[in-house]
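Q: I'm new to this one. Can you walk me through a few parts of it?
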Amino acid sequence: MFSVDEAGRQLEELYATALELVFMQSVGLPYDQAKIVKTAVALNNLCEKILEQPTIPRLLRLSALNWLSRTIAYPYLLQFTQEYRNIAVPLLEVNGDSVNLLTWRNYRVQTENWAEQRMVFDFFVEHAPKLIPTTKQHFSSYQEIHSRYNETVLDTYLEHEQISYPDLVGFITKVGENARKPFLQAAEHYCQKIKGESFAYWDDFIFLAHRTLKPLNAHFKELDPLAQVIKIFKHLGFPMEEIKVDSENRSNKAILPSCFSIRLPGDTRIAYRPSSKVGDLDGLLHEFGHGIHGLSSDPDDPFWKREHVPMSVLETFSFLFEGLLKDELFLTKQLKLEPVIAQDIVERLRANNLYFRVFLAANSLMKLAFWKEGLSFDQASQRWQELTRRFYIEVPGDYWLLYPINVQFTLYNPSYLMAYVRSVQLRHLLVDEFGETWWEEPRAGTYIAELAATRAEFPIKEFPLDPDILLK
Ligand SMILES: [Zn+2]
């Protein structure tokens, strides 16, 4: 038997090693493949040892269960990458590569051939069932690990998020229902504007987000997104020199910005690859939100309190800062834009945000039912199709298998919706307390840092989720 402190210390070391390897891989730097295997085996052994202890803090147990599941499921993630590459549209290329599930995003943002876009969408949906065997094995591995320790994927998720199943379903339903009508109006408006056609099922989230934001780059020609974002956080009093930024443009680097809190709080890294001004500004505000959240951890807290934070709390700080772009006052005052331009930006971002809500409402309810009712894959696709019809427009059911971020997590999207609503509540609180331009107020920064320092003990109950706040 070993002490709880010792377990935490060992877990922290392996966590840092694993995350550093993920970082190297993600930014396209050479990394040691053998070290990945060695670290995974060591993590596995340590987590099993922790889980066999009869009395350990509940958070440490959940953290160990999470890491054990992730290392066991890791080979399936590698398999997905291969399968995403193999599902390719014949005779179609983007940037010298085939149009496959990994390059679909690049293709979608480059082509303006709408009929071809539809054909590509239908092609991928038709071939989506090829992903079922790996998706099934991936989910089953989580299920098996949890049942080995008399836990379930769904219950540990709900416990960690401190919400009951009926409350969560009720909350998501309300968020989706509230967004339905305004979303359909906005989607129709922008689809007519962009392609002169009605909104249809193949106009997915990436299509609309990219096409609505693209014209905005013209207003940001002079802007340096990274310098602007750092300036805002610095002004709020965060020690920005402690965050390392990797902005190299390597060909094998991941496209979207991401944050790696390798040591909490000592080693935070943000990786990004400059692409479009608006996209970068939006992405960097979000990722630096994660960055300052990690940076605010109290080094004296046990590792599991710093590390095993509910996903909805992890995303709250990111959505808070990303939300600045939807604030007209921020756009005119901080970014010095004309009011009419600021208004246009807010409307376009609002359309995307409404899509985010209806899409995630459908996806979250399907995923929750998947675990609760033990749906088969056929039933899951059918359920997803019904839910998309209910919340926005009927989308062929197998599409849910194609959106990588959902497939790789047993449950994550409900947390996004909770985090989004909580971030709006937090913004209201900051406005009440520090004024409409709270981002200019260092005292607001101190408040945010103190709240961020609570990590796994974030006062969730002090922010009861109110979906109607989004109607205001
Ligand atoms: Zn995030």
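A: Start with a helix contact. Leu360, Ala361, Asn363, Ser364, Lys367 and Leu368 in H15 meet Asn413, Pro414, Tyr416 and Leu417 in H18. Keep in mind that this is a predicted model.

Q: How do the residues of the contact of H15 with H18 divide into nonpolar, polar and charged?
A: Six are nonpolar, three are polar and one is charged.

Q: At what angle do H15 and H18 pack?
A: The angle is about 130°, and the axes are 8 Å apart. H15 covers residues 339-373 and H18 covers residues 413-434. Angles over 145 degrees would count as roughly antiparallel and 65 to 115 as roughly perpendicular, so H15 is oblique to H18.

Q: Which hand does the crossing of H15 and H18 have?
A: The crossing of these two helices is left-handed.

Q: New topic, the sheet. In what order do the strands come?
A: The order is S3-S5-S4, in an open sheet of three strands with mixed pairing. S3 (243-246) and S4 (258-263) each have a single partner strand and stand at the edges, so one side of each has no neighbour in the sheet. From one strand to the next, the twist averages 20°.

Q: How many bridges join S3 to S5?
A: Four, and the two strands run parallel. Strand S5 is made up of residues 267-271. Lys244 stands opposite Arg269 in S5.

Q: Which helix packs on the sheet?
A: Helix H11, residues 277-295, which touches S3, S4 and S5. The direction of H11 makes about 175° with that of S5.

Q: Now Pro467. Is that residue buried or exposed?
A: Pro467 is buried, because 21 other C-beta atoms lie within 10 Å and the cut-off is 20 or more. Pro467 lies in the segment after helix H19 (442-452).

Q: What is Pro467 in contact with, leaving aside neighbours within four places in sequence?
A: The contacts are Phe171, Lys174, Val175, Asn178 and Val421. Asn178 is 289 residues from Pro467 in sequence, yet the C-alpha atoms are 8.4 Å apart.

How values were computed
Residues numbered from 1 in each chain as written. Predicted model: local features only at pLDDT ≥ 70, side-chain atom pairs only at ≥ 80, totals over all residues. Pairing = 2+ DSSP bridges. Axes fitted to C-alpha atoms, helices over the stretch in contact; angles between N-to-C directions. Contact = placed C-beta atoms within 7 Å. Parallel < 35°, antiparallel > 145°, perpendicular 65-115°, else oblique. Left-handed = near helix turned anticlockwise from the far one by under 90°. Nonpolar A, V, L, I, M, F, W, Y, C, P; charged D, E, K, R; others polar. Buried ≥ 20, exposed ≤ 12 C-beta atoms within 10 Å, placed from the backbone.
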